[in-house]
Amino acid sequence: MIKSIFNALLFLICCSFTNAQEVIKIYEGKAPGSENWTWSEAYIEKTAWNTPVVFNVSEPTLTVIKPEAGKANGTSVIICPGGGFFALSIENEGLGVARWLATKGVTCFVLKYRLAKASGDDPIKDFNASFGDKDLQAKQMASVPMAIADGKQAIAYVRKNAAQLGVDPNKIGIMGFSAGGTVAGSAGFGYNAENKPDFVAPIYAFLPPEMQGTVAGDAPPMFIAVASDDQIGLQTHSVALYSKWNNAKRSAELHVYNKGGHGFGIRKQQQPSDAWADQLAAWMEYQGFLKK
């Protein structure tokens, strides 16, 4: 009897270690600019977005999702979930995307970047109210430079520690959704040798033309996707970003789906936008990022 109980406990312990996710802090000590932030990260399972969210992020981290043993191809992607800078759609635009890309041999790092502090225990209420509340908009915009800095720091961290992480330092991409697309898209501008992404994938990104910088002569290839019926009206941001890359004669691919709305992420909706992930994989294959 005792032996049976012991074996059962050992099995549960082994399972918990197998399913454990490695979480990495991307800064040594406090992140610059938010040294006085003392609140703790929080999580909500059931939300109005029908997907779990994380909020009140004050310490940026990367959650590691690896391919099965022997299937890694060296490519890595930093994934930036969206959520209007008040929350992170951690499953639909983060961990779920990472698990899917891992089946393609890609090592994934889901970035929890710094967010505006929620006024209560439901950050989605703050996000919804921000469209008509200037104070909430100010909180959002104050967090944007920090979120962008976290994206660039994440790239630099993965590149610096590529050997330890088991990835190729010359095959590091960044992708993001909505506000996470701000983080990912901004990484394609103003980079240096340490934090330059090898490819960028902004998906229905919030990145208005005035936030887009100058396209460098060595700008990385870019994959862009958005739905024509995006409720927030981010179609124009994607088209402007594509045009900027195309006019600079840099590699870019744009997919505008007839239906899909805003926030489609990795979930299946039986709409044209469901195709984006497979088309991203085809693009990555063509660019050479899915080859060992």
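Guide: Let us begin with a term: contact means heavy atoms within 4.5 Å. Please bear in mind that this is a predicted model.

Visitor: With which residues is Asp230 in contact, leaving aside its neighbours within four places in sequence?

Guide: Asp230 is in contact with Tyr204, Gln235, Gly261 and His262. As for its place in the chain, Asp230 is in the loop between strand 10 (222-227) and helix 7 (235-247).

Visitor: How far from Asp230 is the nearest side chain of opposite charge?

Guide: That side chain belongs to Arg267, and it is 12 Å away. A salt bridge requires a nitrogen-to-oxygen distance within 4 Å. Asp230 has no salt bridge, although Asp230 is buried.

Visitor: Which residue meets Glu59 in a salt bridge?

Guide: The partner of Glu59 is Lys25, with a distance of 3.1 Å from N to O. Glu59 lies in the loop between strand 3 (53-55) and strand 4 (61-65), while Lys25 belongs to strand 1 (residues 23-25), so the pair ties together parts that are 34 residues apart in sequence.

Visitor: Is Lys25 buried or exposed?

Guide: Lys25 is exposed, its relative accessible area being 52%. Glu59 is partly exposed, with a value of 34%.

Visitor: What is the general idea behind a nonpolar core?

Guide: In soluble globular proteins, nonpolar side chains tend to be buried together. In this model, the largest nonpolar core has 74 residues. Those with the most contacts inside this core are Leu62, Ile78, Tyr113, Met175, Trp276 and Met284. Helix 4 (residues 134-160) gives the most to the core, with seven residues.

Visitor: Which residues does Met175 touch, not counting residues up to four places away in sequence?

Guide: Met175 touches Val77, Ile78, Ile79, Cys80, Val97, Leu101, Ala184, Ala201, Ile203, Trp276 and Leu280. There is also a second, separate core of six residues, among them Ile44, Phe55, Ala87 and Ile124.

Definitions and conventions
Residues numbered from 1 in each chain as written. Predicted model: local features only at pLDDT ≥ 70, side-chain atom pairs only at ≥ 80, totals over all residues. Heavy atoms only, no water. Helix = DSSP H or I, 4+ residues; strand = E, 2+ residues; numbered from the N terminus. Buried < 20%, exposed > 50% of the residue type's maximum accessible area, 1.4 Å probe, protein only. Lys, Arg positive; Asp, Glu negative; His and termini not counted. Core = buried A, V, L, I, M, F, W, Y, C linked by side-chain atoms within 4.5 Å.
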